[in-house]
Amino acid sequence: MRISRSPTPASQTRVVVLTADAAFEDSVRATFSASSQIGLDVVKGRLAEHGEIDLAGATVVVADVDATDAAELAALEGLMLQIGSWPPVVAVTQDFDAAVARRLTQMRVADFLVKPVPPVELVRTCARVAKPVASAETTEAQIFTFLPAVGGAGVTTLAVQTAMLLLNSGARGKAATCLVDLDFQHGACADYLDIEPRLNLSEIEPRPERLDRQLLEVMISQHPSGLAVVAAPNRPAEMRLFDPDVVTRLLDLVSSHFDFVVFDMPRTWFSWTDSVLLGSDKLFIVSETTVPGLRQAKQLVDAIRDRLGDGPHPQVIINRYVQKMFSAGLRKSDIQQAIGDAFLACIPNDYGLVREAIDRGVPLEEVKKGNRITAQLRKLVLPQVAAKPAKDPADGAKKFKLSWARS
Ligand SMILES: Nc1ncnc2c1ncn2[C@@H]1O[C@H](COP(=O)(O)OP(=O)(O)OP(=O)(O)O)[C@@H](O)[C@H]1O
Ligand SMILES: [Mg+2]
């Protein structure tokens, strides 16, 4: 049984409907009440008469506006500016002509519908605009991998937050981003985001050729933010070894349908680990601010260099760092010295903030905007995105295949 954290858990699709039309409200309530997966909030009244509307956690907003009323359209425009790129807004109007269509397009609503709206059309439209942002075309993802040097160092926390940053890094709207939990035995990504894990490797294993884009879509869990998550239910009492071909096939498929992929790695080295590390654009080793933590990080850097040569460039992140001004304790210079050129940065310690985010199943930014952990991660992750050189498509595809080849 799952422990529910909030009346509207993040795994639930939350549709917010803004309407002053009682008949439309009745129809919407009838349409959405059938599903326990969908939480419906109706905000009554004309849009122009509302102040700021609380849309926290909304997956889709349906805004019913009177398109003949300039104040209503101006209010919708204001709402669009307030919302930014997410959640998507579906506009519903009674009257509709080319001028209204143009105005709504300029506001960048995700879609618009004209009354009377058939319930099935409304559901389909909401589902479509809130769908996984995986692109239909094949792309080559930028891959960010987080590997632990010690247990409990914060790999899952940093992987989840990085995925959120990448998701929101798109120039226009969200960037197609997928977080993959490769810790099949003790994975926590789905729990940290309060979503149901849907990956079933045992189902893929007997017939790996079945794994195509369609099956992948079934195995992706969707976070209301728009983040796609590939995670399997935990089997803590099982020691399962998955066929490396199945795992690499899955990763190949994920990588070719998203702009950004983030891997949360286990501590154990599996037969597919080399492939993941070689296929990564950025490889972050996460450790803690203790002498053994630094030693293990350094050992892991050396082991990766010995084993895989100059392919992956491991960089060490020391998490939960507390700057000590006067007392004894490890300083940044000590860390730098212990780890050498592979040392990248420290992430500040803020247990209260991280715990609240995990308990609520939401990103850190939702608990505290502009917090120091996200700010530091942003500095580490987003320049990497900007620095990615434009690639020759033919070249990219070749490198991509080679990089996933098993040694
Ligand atoms: N920067 C931080 N400041 C304070 N607490 C943190 C920070 N990062 C992670 N934590 C806390 O450390 C604990 C371990 O974090 P997390 O689960 O992310 O680590 P992990 O490396 O994935 O662990 P595991 O080895 O179990 O997979 C959690 O309780 C989390 O709240
Ligand atoms: Mg973890």
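Analyst: Let us start with a term: a residue is called buried if 20 or more other C-beta atoms lie within 10 Å of its own, exposed if 12 or fewer do, and partly exposed in between. Please keep in mind that this is a predicted model. Of the 407 residues of the protein, 39% count as buried, and the chain is arranged in 16 helices and 13 strands.

User: What makes strand β7 count as mostly covered?

Analyst: Strand β7, which spans residues 177-181, has five residues, and five of the five are buried. The cover is found on both faces, with Thr177, Leu179 and Asp181 buried on one side and Cys178 and Val180 buried on the other.

User: Which strands does β7 run parallel to, and how many bridges join them?

Analyst: Strand β10, residues 260-264, runs parallel to β7 and is joined to it by five bridges, with Thr177 standing opposite Phe260. Strand β9, residues 228-230, is also parallel to β7 and is joined to it by three bridges, and here Leu179 stands opposite Val229. Two strands are said to pair if at least two bridges are found between them, so both of these partners qualify.

User: Why is helix α3 said to lie largely in the open?

Analyst: Helix α3 covers residues 98-107, and of these 10 residues the number buried is one, which is why the helix is described as lying largely in the open. The residue that follows α3 is Arg108, whose phi is positive, near 65 degrees.

User: How do you know on which side of helix α1 its buried residues lie?

Analyst: The buried residues of α1, a helix of residues 22-32, are Phe24, Val28, Thr31 and Phe32. They cover an arc of only 80 degrees around the axis, and therefore they sit on the same side of α1. The face turned away from that buried side carries the exposed residues Ala22, Ala23, Asp26, Arg29 and Ala30.

User: What do the buried residues of α1 pack against?

Analyst: They pack against the strands β1 (13-19), β2 (38-44) and β3 (60-65), and also against helix α4 (119-129). Helix α1 lies across β1, β2 and β3, and its direction makes about 170 degrees with that of β2. Helix α2, residues 70-83, packs on the sheet as well, touching β3 and β4 and running at about 165 degrees to β3.

User: What makes β2 and β5 the edge strands of their sheet?

Analyst: The sheet is an open one of five strands, in the order β2-β1-β3-β4-β5, with parallel pairing. Strands β2 and β5 (111-114) each pair on one side only, and that is what marks an edge strand. Neighbouring strands of this sheet are turned by 20 degrees against each other on average, direction ignored.

User: Which residues are closest to ligand 1, and which element gives the largest share of its shell?

Analyst: Ligand 1 is surrounded by 21 residues, the closest being Gly154, Val155, Thr156, Thr157 and Val354. The elements that give two or more residues to this shell are α5 (155-167), β12 (314-321) and α13 (351-360), and the largest share, four residues, comes from α13. By class, the shell has nine nonpolar, eight polar and four charged residues.

Methods
Residues numbered from 1 in each chain as written. Chains lettered and ligands numbered in written order. Predicted model: local features only at pLDDT ≥ 70, side-chain atom pairs only at ≥ 80, totals over all residues. Near = placed C-beta within 6 Å. Nonpolar A, V, L, I, M, F, W, Y, C, P; charged D, E, K, R; others polar. Arc of directions from axis to C-beta. Contact = placed C-beta atoms within 7 Å. Axes fitted to C-alpha atoms, helices over the stretch in contact; angles between N-to-C directions.
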